[in-house]
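Please look at the model before reading on.

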Amino acid sequence: MSELVPGGNTPLPGGTLTLRVPGPFDVSALVTGDSGKVDGDTDFVFYNQPTAPGARLHGDTLTVDPAGLRPGATRVTVVVSAADPGTALGRLPAPTLHVTGPGGRPLARFTPPRPQRETVLLLAELYRRGADWKLRALGQGYADGLAGLARDFGVDVADDASGASASTSAGSTSPSLTTPSRWSDAASRLSGAASRLSEVAASRRSRSTGTPQAASTAGSVSPAAASAAGAWPGSGSVSLVGPAEGFLTLVNSARATAGSPPVSLDARLCAAAQAHAADMASAGRLGTESRDGTSVHQRVTATGYTYLTVGEHLVSGPRTPEEFLDYCLRTEQARRTLHDLAFTQVGLAYVTGSRTGDTYWTALWARPLMPGDLARTAAEVTDLTNRERARAGLPPLATDALLTRAAQAHSTDMVVRAFYSHTGPDGSQPWDRAAAAGSTRRTIGENIACGQRSTAEVVEGWMNSPGHRANILKREFTHIGIGFASGGKAGTYWTQLFGA
């Protein structure tokens, strides 16, 4: 293992990398090309946008698959700030970066000199040289926080009211960042304003990684045939291995021990799991996205399965269902997913590459979206929002059918047209969408989020971001509409639309 000093670098192996910064810190990442500038809405990974192509954030741990990054990406910069808002990094222990490779093999560790007045620290960067990737220790801090970071990464900070008419305030975040619009949330995040990040992010979807090895070809089986035969997708292209009931018995026994209700096998989830496992085996790497950019969540919705909540295990290494389950039970976040009370159905598949014999597993956990779930979800978000307003001594927001229609349309649109922004692909803004739905309210505000699995998690995330919190606690707002849609790159997309 390499002990790095500022400016030092070390080569990295192929496959998925894990970067962890334990302690009272918020972890985030910026994905850039050779220019060192951000290129789009998904170039920033943080608590309210925990996934991007090739990168995912789980609490204090960032997982990066260099091969899965967006086209043109040559650098991933790891950023830390204090988890407690307003705290200078000099008042905390120096952050330590722990880097591990496939199979959990320690690769490098870096502790920068203790920061002083800095509020944001560029801790390290992954960068590409030719066909290979390296890690460079940085330790560069910004005493001016977001302003310095924005300057270096090409983000233009603008006033919040820009783009709004005299009678309409955007109110989406504070401040509003226009290059790109998604950086409006990054502003709050990088200034250290998001508190209790580790508590919020700890409940996010689990991704388990075993020991990935290169597999040049993968076999396949028919999920429909597996379902009809009472068996689950098996190894290579030879045969089905093991009855589905056997896998379910193992899973439901583990869930019963934890006090969780049993789950049932779903053929559509099995089909999505099979397709994703086959792609990972063919590529020889773990990842939430395939080589063509299709996410595991998009595979689920492509089968016709619409979910209320979803989780996944992506693992390589185990050779039997027993070994797979044992691995999940020994890993905290994977165990949390396996025991999650919210899940009612599961699909599982593994594929073994025919040349090397390396096995890749995909387990998909979900609760299907049923009639009434959208209304119940919206009601829960509204109730949790009003609880926060009550704590602040503010009157509750009333549900508005037209705002609800506009919010739901925006969440659905983000999934269908594969974007994540307050600005629609057609240039529409929140107040435009409200007006198109028939609303005549003169003041409009919007909060969005993606990747959260529950109503409690998404409201807590918004409350931990000053811009979103300001919308929730704005005295002038009197009405609210909620939108939720499943699918897309991140898995879930949420919209709060406020009006007065």
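Which residues lie nearest the centre of the second largest pocket? They are Leu308, Glu380, Arg453, Ser454 and Thr455, out of a lining of 16 residues. The model is predicted, so local features need pLDDT of at least 70 and side-chain atom pairs pLDDT 80 or more, while totals for chains, interfaces and linings use all residues. Residues are numbered from 1 along each chain as its sequence is written, and side-chain values use heavy atoms, without hydrogens and water.

**The pocket**
- A pocket is an open set of points on a 1 Å grid over the protein atoms alone, where a 1.4 Å probe fits, with protein on both sides within 12 Å along at least five of seven lines; lining residues have an atom within 4 Å of a point.
- Helix H10 (373-391) is one of the elements that supply at least two lining residues, and H10 gives the largest share, four residues.
- Helices (H or I, at least four residues) are DSSP runs, as are strands (E, at least two), numbered from the N terminus.

**The cores**
- A nonpolar core is a set of buried (under 20% relative accessible area, 1.4 Å probe, protein chains only) Ala, Val, Leu, Ile, Met, Phe, Trp, Tyr and Cys residues joined through side-chain atoms within 4.5 Å.
- The largest has 35 residues, and Leu19, Leu126 and Leu135 have the most contacts inside it.
- A second, separate core of 26 residues includes Met414 and Phe498.

**Leucine 473**
- Leucine 473 sits in the loop between helix H14 (466-472) and strand S22 (479-487).
- Leucine 473 lies 5.7 Å from arginine 389, C-alpha to C-alpha, although 84 residues separate them in sequence.
- Beyond four places in sequence, leucine 473 has contacts (heavy atoms within 4.5 Å) that include Glu388 and Met463.

Terms used. Buried < 20%, exposed > 50% of the residue type's maximum accessible area, 1.4 Å probe, protein only.
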